[in-house]
Amino acid sequence: MTDTMNDNYIQDPSPPLFGVCIPCVGGIHSHSSSKQTSTDSPGVCAFILTFISYLLIVATFPFSLCLCIKVVQEYERAVIFRLGRLLKGGAKGPGIFFIVPCIDSYRKVDLRTVSFDVPPQEILTRDSVTISVEAVVYYRVSDPIAAKNNVEDYSHSTRLLAATTLRNVLGTRNLAEILSERESISATMQSSLDDATDPWGVKVERVEIKDVRLPVQLQRAMAAEAEAAREARAKVIAAEGEQRASRALKEAADVINESPAALQLRYLQTLNAISAENNSTIIFPLPIDVLTHMIHRNKEDD
């Protein structure tokens, strides 16, 4: 037993300062007989420093109030740390709150909605088309304590996650889906970002795809395809119009054929229309029946 103790002392040759080991804040244990020590207790050093701080506040009163009283705005919350530990009671604010100098530190968290632009991302779609996409993300802090304790920089982390999520979501879609289903893609991104940032105390409120940029060659090809489609539709519409007009002319010819006098009235209407526009032009209508009779007579003489 003695040899074992001597070996232990040889492995750790540095003696403790002043021969006394004092338990300090959080997790540093003394070589006491008790094998289990609560890590939640602040320790003797914390109580001593707290007591000294309160003595300084009382000794310098009322000048110490300038350092003890702090104010946060309506849209802000203060997360207070006492000797590195989160102070119980949650985030403080809005309004006035009290801190103890020398042992308390606080961080302000803005609860207002923040918007940022996602940098242009070069994305390869599922149908092997390279596009550049820009988006806008709106978020706010819903839990100030989680935003300060669970992540180093929630704003920077949210920006990086938004860019990665944009690439992952759009990489599984076709070009036609990206151009036509922006609302559903935005909803998918918003849900994914909200689930990922919930442990950070961040609430993603809205995601919008701002711009989709296509390669120049692809734009020309799509423009040529759209122009050809428009020309084809125009030709089909013109053909349908001519077909309807021919049917109407056929019905009009059938009506005129039933009444020979109707043809003469049509001659007079045409003459009236021409005379109203070109007064110097004289048109003499010649009945077609007379010409037909003359043509038959010439054939019989031949």
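Helix axes here are lines fitted to C-alpha atoms over the stretch in contact, and angles run from 0 to 180 degrees between N-to-C directions. Helices (H or I, at least four residues) and strands (E, at least two) are DSSP runs, numbered from the N terminus.

The model is predicted: local features need pLDDT of at least 70 and side-chain atom pairs count only at pLDDT 80 or more, while totals for chains, interfaces and linings use all residues. Residues are numbered from 1 along each chain as its sequence is written, and side-chain values use heavy atoms, with hydrogens and water left out.

**Whole chain**

Start with the protein chain, which holds ten helices and eight strands. Of its 302 residues, 23% are buried (under 20% relative accessible area; exposed is over 50%, partly exposed in between; 1.4 Å probe, protein chains only). The chain exposes about 21,500 Å², and carbon and sulfur atoms supply 57% of that area (Shrake-Rupley method, 1.4 Å probe). Take the contacts (heavy atoms within 4.5 Å) between residues at least 6 apart in sequence: 63% of them join residues at least 24 apart.

**Helices α5 and α7**

Next select residues 154-170, helix α5, and residues 182-197, helix α7; their axes are 10 Å apart and the helices pack at an angle of about 135°. That angle makes α5 oblique to α7 (under 35 degrees is roughly parallel, over 145 roughly antiparallel, 65 to 115 roughly perpendicular, and the rest oblique).

Show side chains at the contact: α5 contributes T158, L161, A162, T165, L166, V169 and L170, and α7 contributes I185, T188, M189, S192, L193, A196 and T197. These residues divide into nine nonpolar, five polar and no charged (Ala, Val, Leu, Ile, Met, Phe, Trp, Tyr, Cys and Pro count as nonpolar, Asp, Glu, Lys and Arg as charged, and the others, Gly among them, as polar).

**Cis peptide bonds**

Go to P62, in the loop between α2 (44-59) and α3 (65-68). Its bond to F61 is cis, with omega about 5°. Then select P94, in the loop between β3 (85-86) and β4 (95-98). The peptide bond from G93 to P94 is also cis, with omega near 0°.

**Positive phi**

L83 sits in the loop between β2 (76-82) and β3. This non-glycine residue has a positive phi, near 55°, and L83 is partly exposed at a relative accessible area of 26%.

Finish at S128, in the loop between β6 (114-124) and β7 (130-141). Phi of S128, another residue other than glycine, is positive at near 60°. Is S128 buried or exposed? At 58% relative accessibility, S128 counts as exposed.
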